[in-house]
Amino acid sequence: GTFRRTLTGGHLRGPVVVTHTHNDRAVRTAYAIASRLARQAGAALGGGRDDPYGGIGANGAVRTREADDSVALQDVGYRYSFRPGGIHNLRADRFIAGHGSVTGRQVAHALLAAMTATP
């Protein structure tokens, strides 16, 4: 996709962290419908990892060999082991209630862990 060169071009030094949640109805449903109408493939309708019209905010980075789905978004204090150059899909249903609610302490903690994992 559009961001493939970021992963393969040697420019990325740190990890990429993606929070995603099915609580994000704007991405899960509205974005998927709009993409389908415009015939713009982006991952069943917005909610499934195999839907070509789904969004990253609902499904994470899909069909990307560098993506790691093994850890969900955790509470503050969790010790993430983010891999530089990798994508870490953090399922965030527990902490993110909707499209704009990404300002919680758990998201900030994950971002800080990603920034300090950079060589």
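User: Which exposed residues sit on the face of H4 turned away from its buried side?
Analyst: That face carries Arg105, Met115 and Thr116. Exposed means over 50% relative accessible area, buried under 20%, and partly exposed in between, with a 1.4 Å probe and protein chains only. This is a predicted model, where local features need pLDDT of at least 70, side-chain atom pairs count only at pLDDT 80 or more, and totals for chains, interfaces and linings use all residues. Residues are numbered from 1 along each chain as its sequence is written, and side-chain values use heavy atoms, with hydrogens and water left out.

User: OK, and which residues of H4 are buried?
Analyst: Those are Gln106, Val107, His109, Ala110, Ala113 and Ala114. Looking down the axis of H4, they fall within an arc of 160°, so they line one face of the helix. The arc is taken from the directions from the helix axis to the C-beta atoms.

User: What covers them?
Analyst: Strand S1 (16–20) and strand S3 (87–91) are included in the cover. Helices (H or I, at least four residues) and strands (E, at least two) are DSSP runs, numbered from the N terminus.

User: Let's pick His109. Buried or exposed?
Analyst: His109 counts as buried because its relative accessibility is 18%. His109 is found in helix H4, residues 105–116.

User: What does His109 touch?
Analyst: Leaving out residues up to four places away in sequence, His109 touches Asp75, Val76, Gly77, Tyr78 and Tyr80. Contact here means heavy atoms within 4.5 Å. The His109 side chain also reaches the backbone oxygen of Tyr78, at 2.8 Å.

User: New topic: how many aromatic pairs are there?
Analyst: The count comes to two. Rings of Phe, Tyr and Trp (its six-membered ring) pair if their centres lie within 6.5 Å; planes under 30 degrees apart count as stacked, over 60 as edge-to-face and the rest as tilted. Tyr78 and Tyr80 make an edge-to-face pair, 4.9 Å centre to centre with 75° between the planes. Tyr80 and Phe82 have ring centres 4.7 Å apart and planes at 15°, so that pair is stacked.

User: Which residues do the ring pairs link into a cluster?
Analyst: Tyr78, Tyr80 and Phe82.

User: How exposed are those three?
Analyst: Tyr78 is partly exposed, at 34% relative accessibility. Tyr80 is buried, with a relative accessible area of 13%, and Phe82 is buried too, at 11% relative accessibility.

Notes: Polar contact = N/O pair within 3.5 Å; in protein donor to acceptor, adjacent residues only side chain to side chain.
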